[in-house]
Every structure is written in C-alpha cells, then in structure tokens.
Amino acid sequence: MGLPYENASSGGKALGEIQKLLRGFGCQKFGSMVDDEEQSLTVQFQYRGKMVSVRASFAGYAAAWLREHPHTSRMHKTKQEHERQAYDKASVAVYSILRDWIKGQVTAIETGILSFEGAFLGQMMLEHGETVLDYAQRQKLLPEPGGQE
C-alpha cells in the first residue's frame, strides 16, 4: 500500500492551500518557515488575536519512509543518498500532512465538534512566545509517555 503522502508532489501547492483555507476561516498574519537545521516546517497564523504556531518535523516522516523502503545493496545509490531521498520525500509530504490536519481542525470548529481552543490549544502561543504544549512539557504538567500515574 505504501506510506501515506509519499507521492505528494508539491509542498508549495499544499502551503498555498493552507493559506487559502486559513484566510477563508478568518485568520490573519499567515507565515511559514523551514528550519533546515532542525529539519522542520513551522506554520503560524493569527485568529481573533490568538497566535498559533504549528511545527512539524521532517525527521519522523523520513524515518517512517526508511522503514517502508529500507536501503539494500541492490540499490544504485549509497545509504547516504537513500537517506537524502527520505528527507526529500518528507520535506514535501509534511506540507500535505499539515494541510489535511489543519483542514480537519478547521472543519471540526466550523461544524461545532470542537472550539478553536479545543482544536489548537497545544499550538496556541503564550505571551512569551512559547506554545501551550511546549510550556506544559517544560513544566512537566503532562504525564510521561507510557508512564503510570
């Protein structure tokens, strides 16, 4: 079956769709940034005075792609070239994943399934520039993954 989004072809097109979707929803101050060092994409926007920052790492998708397509000695490329291909796939796929996730969140808000805060609470930015999720993790307000309370 393959990994979802592995055949995505245009990060720029998906980013344009995200911007169009958010503008139609009433968001302002849309922006995006790729951090090559951290291998991530960040999309930020403002909705009714609330800043939201959604960050997505390319690394997780690249690792999943490598699990689906492991390097073999039969390939006509080095392991490093194969890993670069995984990063290239991820750097396009993540745009489409974010587009679909944001579209789902906005649809849930518009249909009354979630409030704006319920949909984007973890990504909402606090006055000091940190997201609610980052703050909660730094303050150890969330249970440890797999831990028992």
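The side chains of Glu-117 and Lys-50 meet in a salt bridge with an N to O distance of 2.2 Å, a salt bridge being a side-chain nitrogen of Lys or Arg within 4 Å of a carboxyl oxygen of Asp or Glu. This pair connects distant parts of the chain, with Glu-117 in helix H4 (residues 116–120) and Lys-50 in strand S3, 67 residues apart. Helices (H or I, at least four residues) and strands (E, at least two) are DSSP runs, numbered from the N terminus. Glu-117 is partly exposed, at a relative accessible area of 31%, and for Lys-50 the relative accessible area is 31%, which is likewise partly exposed. The classes are buried (under 20% relative accessible area), exposed (over 50%) and partly exposed in between, with a 1.4 Å probe and protein chains only. The model is predicted: local features require pLDDT of at least 70 and side-chain atom pairs pLDDT 80 or more, whereas totals for chains, interfaces and linings use all residues. Residues are numbered from 1 along each chain as its sequence is written, and side-chain values use heavy atoms, without hydrogens and water.

The structure holds six salt bridges. Side chains of opposite charge can pair when their charged atoms come close. Arg-84 and Asp-88 form one of these bridges, with 3.2 Å between the closest N and O atoms. Because the two residues are four apart in helix H3, about one helical turn separates Arg-84 from Asp-88. Arg-84 is partly exposed at 47% relative accessible area, and Asp-88 is partly exposed at 35%. Asp-100, also found in helix H3, bridges to Arg-99, the closest N and O atoms lying 2.9 Å apart. Glu-17, Arg-99 and Asp-100 are linked in a network of salt bridges. Asp-100 has a relative accessible area of 30% and is therefore classed as partly exposed.

The protein chain contains five helices and three strands, arranged along the sequence in the pattern α-β-β-β-α-α-α-α. Its C-alpha atoms fill a box of roughly 55 × 40 × 30 Å along the principal axes. Of the 149 residues, 33% count as buried.

The largest pocket holds about 340 Å³ of space. Of the 20 residues that line this pocket, Ser-53, Val-54, Arg-55, Ala-56 and Gln-123 are the closest to its centre. A pocket is an open set of points on a 1 Å grid over the protein atoms alone, where a 1.4 Å probe fits, with protein on both sides within 12 Å along at least five of seven lines; lining residues have an atom within 4 Å of a point. Grid points are joined across faces, edges and corners, and the volume is the space filled by probe spheres set on the points. Strand S2 (40–47), strand S3 (50–57), helix H3 (79–110) and helix H5 (132–138) each contribute at least two lining residues, and S3 gives the most, with five. By class, the lining comprises nine nonpolar, eight polar and three charged residues.

Leu-133, Tyr-135, Leu-141 and Leu-142 make a nonpolar surface patch of about 350 Å². Patch residues have over 30% relative accessible area and no salt bridge, with nonpolar side chains joined within 5 Å; areas come from the Shrake-Rupley method with a 1.4 Å probe. Leu-142 lies in the segment after H5 and is partly exposed, at 42% relative accessible area. Between Tyr-135 and Asp-100, the C-alpha to C-alpha distance is 26 Å, at a sequence separation of 35 residues.

Note on methods: Ala, Val, Leu, Ile, Met, Phe, Trp, Tyr, Cys and Pro count as nonpolar, Asp, Glu, Lys and Arg as charged, and the others, Gly among them, as polar. Patches are made of residues with over 30% relative accessible area and no salt bridge: like charges are joined within 9 Å, nonpolar side chains (Val, Leu, Ile, Met, Phe, Trp, Tyr) within 5 Å.
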